[in-house]
Amino acid sequence: MGVLPMAAATLTKGKRRRRSNFGQDNLVGYLFISPWLIAFFLFTFIPISVSLILSFTDYNVLANSGDFIGLDNFQRMFFEDRRYWRSVNATVKYVVFSVPLRLVFALAVAMLLNTYRRGVGVYRAAFYAPSIIGGSIAVAVMWREIFGNDGLVNFTLNLLGIEGPNWLGRPETAIWTLIILAAWQFGSPMLIFLAGLKNIPKHLYESAEIDGANSLQRFLRITLPMLTPIIFFNLIMQLISGFMVFTQAFIVTQGRPLDTTLFYALYVYRRAFEQNEMGYASAMAWVMLMVIALLTAFVFRSSSYWVHYEADEGS
Amino acid sequence: MKRSKVLLVLLSIAVLVLPSLSLTAQDMTEVRISWWGSQNRHDRTIATIELYEELNPDIDIVYEFQGWRDHWTKLSTQAAGGELPDIMQHDYARIEEWVANGLLMPLDGYIESGAIDTMNISDSSLAGGMVDGQMYGINLGNNSEVFTLDTDAFAAAGIELPPLDWTWTQFEDIANAIQETLDIHGIGVLTSDQLWKSYYMGCCDQWAYAADGMSLGYEDDQPLVDYYNMLLRLQESGGMQSYEDSVARGDQGVEAQLIVTQEAAMAYHWSNQIVAVWTASGEDRNFVMYPIPRPEGGQSQNYIKPSMFFSVTSQAEQPDEAAAFIDWFVNSVEANEILAAERGVPISSVVRDALLPNLGAAQAEMFNYLGIIEMDNSPIRPADPAAHADVINNVFVPEFVEPVMYGMISPEEAASYLREEANRILGAQ
Amino acid sequence: MAGIEAQAPAGLSAPRVIRPALPWYQRPMARTIFYHAAVGVTCFFMLYPIMWLVGSSFKPPDEIWTNQTAIIPKEFYPQNYPNGWAGFGGISFTTFYRNSLFYATLGTILSVSASSVVAYGFARVRFRGRRIWFAVMLVTLMLPTQVQIIPQYIVFKQLGWLNTFYPLLLPRIGGSAFFIFMIIQFIRSIPVDLDEAAMIDGASKFGIFLRVILPQLTPAIITAAIFSFYWTWDEFLVPLIYLNSPELYLVSLALRTFSDPSGQTDWGAIFAMSALSLLPVFVIFISFQRYLVEGISTTGLKG
């Protein structure tokens, strides 16, 4: 691992020394984080370690046993398993498109709703609504209906004179229904942006207005920089959850057609619980962990160039 | 502050609704049982269990139930943790894998001693639960594949109903004729792995898997290629729903079949699903059940398949009581009056006769159909090898059916890849 | 990015600056109408699925699949609701709702309060090993639950906690990595001047947390509570594994227990109960969301 602790150095951004008189306290620090530490060692540490060990075995759930097989799982995954690479392909495509889309929608709508008008509470609820529909089987039926031949999407396209494709049936378009589903469920980053917008001190806008800044300038000079810690958080979390996407494919497409929506976590689940190959599944899961960790570390590294923290303002 | 008020309200809700965290201890003998199903099955099974507890006051049947997929996730976790229930509902396609891992208990002793009474049960109804010559699951209902025909649609199209021993050639003509006259599909997709396996039985008296389960059981890919060439022709003509369309609609259960919405005049499914199909279609529709068409000059492709089993697990704490419950569940007329053949046609002839007078239209058709199949069926199949699910999920569907039906690869090429990969997986068991 | 820039001004500047002799389309009234029209139309698309779900929940069994696209049923059939609510073999949704409300409420309180405390420790106290623990915490988010389930099951079995709520609730005493990180980010955008002032006044670290930081975290904590409630309400895999007795089942579990792809399924009941299951989450959202933006406009807007 090693990379992340290094990247997490941005937490302190090298300003420790100057502020060392303020807040350096090992005992108090561990006291505050002790709930997490206790829960971690009691409930998380063992399962995570076991899964790491299992990734070097051919552990089968039903047999409840497995032999140590060295790097065979990794060899099989990288060189022998065609479906593995299809799942990588689907997941990368999903992340590349859904993460920016979600963030842009979330920020745009948060700005739009961060106002006081009659009925804005109702609008906020409406925009959040798609995000709470959950993962029940009713959602699968509903989503298929919306993207069906005479469903809402193709009906709307028809009004615009466009003949819609067979969304869920074609290998080229099936993944787009899941990307659209993700973009449409931007409720959680939107709420976090709203909360972040509320934390921006009003006086900054007032003084900018006195200086004659127009709304675009106010957005670029105040809103955006003040929001960077939240943008940073949303970016990291959307990246992680994007790579781990599971439910949508699990209930709506089940990986079809032609494995174009076979997301990584779905494939892990199938190997683990349909084929009972928990050793192989663990190996896949750990490869993904490494990749996400590296990417996260990279984003953390970059954050010192673009994330602005009030609390770290030295001068 | 407002926030503390909110917190207070939430806390009081939590206390009000606090459910008991522990369950009361019992002095009675506890038998744990777990099954999958839908609301209908849960209701009926629970009512049956309550009746059993009434009749046996010293027995407490502790039950768990869940949906199909969750059943396997939950039970394999319990298996790894040594926490399996005494009785679990099991599936034909998975039983061998569980037996191979020593998780189920052979029931032959109970059958010999009469604890599980098989007096009124035919051998063909029991054979599905045999693995390597021992009995691991008691069949809960007879089932067979069926082609359901919408007689109103046939009449509207002016097409005569075929003979019961119809062939795939006749079927293809009918499907195309329906498409031409009514402008609806003849049938939904026919790419199920069941049809792959039974086609070899119909044409060549071979089974998909070799007897030892270590390789495929057929030498010649040509019958499979012929069958898929027919599907490709039907897909092209519209006689069969396109594969693409079936993917777009997804596996939404029996109720979403094209015959229900009158987008097709025939449907392929399991015989016990006719009740669901008929209910979703409406009472005023008319259906008749047919065996699977047979290859030209071949034999019947149908066989009697156990819809599901009750198995006693090797981790069971009360195997004797578990066997006693299974015996009652299968043989008691009272129990089966509550269960109402929801799991398929009861295997005990006594129970069957007792249920006959009170059947609804769909169920009567199902009982009648199973009677026909029992007279003319192909030999009982060996249980699927332990790697069956692996072959289907990781080779048959993604590397054979899908690329062929999407026209990305020829049936010949795909069939030989299927052989190669399936043999590799089967041989490595 | 163009989208943001175009839409941002509408939200931020709208009612504040009123200059005389604006063209009609920039007058407040016109802008208000434009705002409501644009947002309202978008709302329709956002709410369509829920309208469809509610509509379908009133369709009779033989209409669900035969009249699938319609939002308004041909025949109004409210019977789906009592059919669904009846649950399974006498254990009704009354039980499942009671369990879910208990679990989601207690689970939310546990994980949000623990997360705030831990986040404060990470954000405002400097201690040896801080960066490493933070990184470890993030990494725990990156491993799919699916591969942790079996070892975890065995741990909880050893503790004798199967078929109880302990495996679901107790891991929450450490908060959730998502909320901890989120609250850290909010704390770090609060200037340290206030902390320092309080420290000079002799306040302890915990005192600063309670009196200086916590009041400023209201939006973050409300947000976390909304998410936590929904995620807990919707949680499925872990409850499936640990709750055996139907008397302990949650709404999320019960919903997935309705259907069997190979058997008969009462879709009307599924739709009815799915629609109903959104209600508590929605109520929580509606009652909490006003804390998020309320007050933002109290300056500069009269009436």
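Modeller: A nonpolar core is a set of buried Ala, Val, Leu, Ile, Met, Phe, Trp, Tyr and Cys residues joined through C-beta atoms within 7 Å. A residue is buried if 20 or more other C-beta atoms lie within 10 Å of its own, exposed if 12 or fewer, and partly exposed in between, with C-beta atoms placed from the backbone. The model is predicted: local features need pLDDT of at least 70, side-chain atom pairs count only at pLDDT 80 or more, and totals for chains, interfaces and linings use all residues. Residues are numbered from 1 along each chain as its sequence is written, while chains are lettered from A and ligands numbered from 1 in the order in which they are written.

The largest nonpolar core has 302 residues, and C:Ile180 and C:Ile183 are those with the most contacts inside it. Helix H4 of chain C, residues 93-124, gives the most to this core, with 16 residues; helices (H or I, at least four residues) and strands (E, at least two) are DSSP runs, numbered from the N terminus.

The surroundings of C:Ile180 can be listed in detail. Two residues are in contact if their C-beta atoms, placed from the backbone, lie within 7 Å. Apart from neighbours within four places in sequence, C:Ile180 is in contact with C:Ser115, C:Val118, C:Ala119, C:Phe122, C:Met137 and C:Gly175, and also with A:Trp36 of chain A.

Chain C as a whole gives the setting. Its secondary structure comes to 14 helices and zero strands. Of the 303 residues in chain C, 51% are buried. Among contacts in this chain between residues at least 6 apart in sequence, 70% join residues at least 24 apart.

The contact between chain C and chain A takes 100 residues from chain C and 95 residues from chain A. On the side of chain C that touches chain A, helix H14 (residues 267-293) of chain C provides the largest share, 12 residues. That side divides into 66 nonpolar, 22 polar and 12 charged residues, where Ala, Val, Leu, Ile, Met, Phe, Trp, Tyr, Cys and Pro count as nonpolar, Asp, Glu, Lys and Arg as charged, and the others, Gly among them, as polar.
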